[in-house]
Amino acid sequence: MTVAKTGLMVFLFAVFLIPGISTNAHAQGQDLEKQLQQAAAAATGESATAKKYHLQYKLQQGESIRSRIVHLVSMDTKIDGEFENLKSRSVSTRVFQVQAVDGEGNITLTHLVEDAELWQKVTGKEEVRYNSKTDEVVPESYERLAESIGKPLAVIKVNPAGKILAREDSVVQFNPGIGVLLPRLPDYPIAIGQKWYTPESVRIRTKDGRVKTIKLRKLYTLTKVSNQLATITVKTQLLTPVQDVKVKSQLMQRMQHGELQFDLAAGRIYSSRMELDERVVGFNGAASMIHYLSRMTEQLVKPAPSSKDVSVR
C-alpha cells in the first residue's frame, strides 16, 4: 500500500468510521476495566469531604446532536532516499440521532455524517478536493465516502457511562485509534484530580507475518470543573513492551493525548482536542523514517433557535 493510499484511508476512517473496540473485545476487557477503575479510585485517595461529580451521558430521545469535527494530518515518509509528504484536512458534521432512552438511562443512537469537506495533497501529485454540499462530481478517491454521507453508519447502544452494550454496523468498521465516539466515563462519582482507565487491545502483524496482540489503555483525569463544564485530560499509554519498529509504526495513530470538556448539566461532550506527534526510524530499512502529526477537534453545534423562541438573554 502506498503512502498516499494510507493517508486517504486515514481520511476516510476519521470522517466516517466509529473508532472504538468491537463489542466482543469490549466484553473481554470489562473485568480489567473494572479493576483499573477501582485501582484508580483507591490510588487517588480523595477524602470523603471532597466534592465529587457524577459524569453521565444524558441524551434525550428524539434529539439530534451535531458536532463539527476537524481533522488535520501531516505525514512525512522517507524510504530508500525518497521523501514524500502527505497533508490532509477534513471538516465534517457528525450527527447522533437518539432513537431511545430506557428506564436505566441506556441510550440507543444512530451515527451518521451529514456533510464533509475534504482536501488532500501528496508530494508530486495534484491536490484532491471534495465538498459534499457543493460538488456534483466526486473524485474517484472519495466515491465510497460520498456514497455514505447522510446514511446511517451504525446503531449503537451505550449505558450512561458510555459502555458499549450493543452495536450494529452498517459499514465495515476499522479502528485506527483516531478518536472515540463516546469517551468512557467512570461508573462512580469522582473528585477533581481523580483518574480512571479504559483498556484497549490491538492486533498487529509483525514482519515475520505473525499476529501479535498489543495492550494499551487510555488514562483519563478530571482536572477542573467550572460553570458546569468538566475538563478531562486524556493520554494513551502503551502497556505491552514493543521493540519492533515495524510494530511501532502501526501503533502511531493510537498514541494520542489531549483533553475534552464535558457538559455536566446536559450530559454530553461539549468539545475535545486530540493531538499526536510520533516519529519512527527504521521501519522499512535502516534509513527509513515516518513522522506523523495530527490534530482532531470536536465542537458541539448549538441547535438553531426555534421560531417560537422569543426569549431575550
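Student: Is Glu114 buried, exposed or partly exposed?

Tutor: The model is a predicted one. Burial is read from relative accessible area, with under 20% counting as buried and over 50% as exposed. Glu114 has a relative accessible area of 32%, so Glu114 is partly exposed.

Student: With which residue does the side chain of Glu114 meet in a salt bridge?

Tutor: The partner is Arg66, at 2.7 Å from N to O. Arg66 is likewise partly exposed, with a relative accessible area of 30%.

Student: What is the relative accessible area of Asp187, and which residue does its side chain meet in a salt bridge?

Tutor: Asp187 is partly exposed at 42%. Its side chain meets that of Arg184 at 3.2 Å, N to O, and Arg184 is buried with a relative accessible area of 6%. Elsewhere, salt bridges that share partners join Arg273, Glu275 and Arg295 into one network.

Student: How many aromatic pairs are there, and what is the geometry of Tyr57 and Phe262?

Tutor: Ring pairs are classified by the angle between their planes, and over 60 degrees counts as edge-to-face. There are 3 aromatic pairs by this rule. Tyr57 and Phe262 are edge-to-face, with 5.6 Å centre to centre and 80° between the planes. Tyr57 lies in the loop between β1 (52-53) and β2 (64-79), and Phe262 in strand β12 (residues 257-263), so this pair ties together parts that are 205 residues apart in sequence. Both Tyr57 and Phe262 are buried.

The rings of Tyr130 and Tyr142 have centres 6.3 Å apart and planes at 35°, so that pair is tilted. Tyr130 is in strand β5 (residues 128-131) and Tyr142 in the loop between β5 and α4 (143-148). Tyr130 counts as buried at 5% relative accessibility, as does Tyr142 at 0%.

Student: Which residues touch the most other members of the largest nonpolar core?

Tutor: In soluble globular proteins, nonpolar side chains tend to be buried together. The largest core here has 29 residues, and Leu55, Trp196, Ile232 and Phe262 touch the most other members. Several strands, including β3, β4 and β12, each supply at least two residues, while β11 gives the most, with 3 residues. A second, separate core of 10 residues includes Val73, Val122, Val280 and Tyr292.

Student: Which strand does β6 join, and how many bridges are there between them?

Tutor: Strand β6 (residues 154-158) is joined by 5 bridges to β7 (residues 164-169), and the two run antiparallel. Ala154 has Asp169 of β7 as its bridge partner. The two strands form a hairpin with 5 residues between them, and Gly162 in the turn has a positive phi of about 90°.

Student: Where is Thr110 found, and which side chain does Thr110 join in a polar contact?

Tutor: Thr110 is found in strand β4 (residues 107-122) and is buried at 6% relative accessible area. A polar contact of 3.1 Å joins its side chain to that of Gln99. Beyond four places in sequence, Thr110 touches several residues, among them Gln99, Pro152 and Ala154.

How values were computed:
Residues numbered from 1 in each chain as written. Predicted model: local features only at pLDDT ≥ 70, side-chain atom pairs only at ≥ 80, totals over all residues. Heavy atoms only, no water. Phe/Tyr/Trp six-rings, centres within 6.5 Å; stacked < 30°, edge-to-face > 60°. Helix = DSSP H or I, 4+ residues; strand = E, 2+ residues; numbered from the N terminus. Buried < 20%, exposed > 50% of the residue type's maximum accessible area, 1.4 Å probe, protein only. Pairing = 2+ DSSP bridges. Polar contact = N/O pair within 3.5 Å; in protein donor to acceptor, adjacent residues only side chain to side chain. Contact = heavy atoms within 4.5 Å. Core = buried A, V, L, I, M, F, W, Y, C linked by side-chain atoms within 4.5 Å. Salt bridge = Lys/Arg side-chain N within 4 Å of Asp/Glu carboxyl O.
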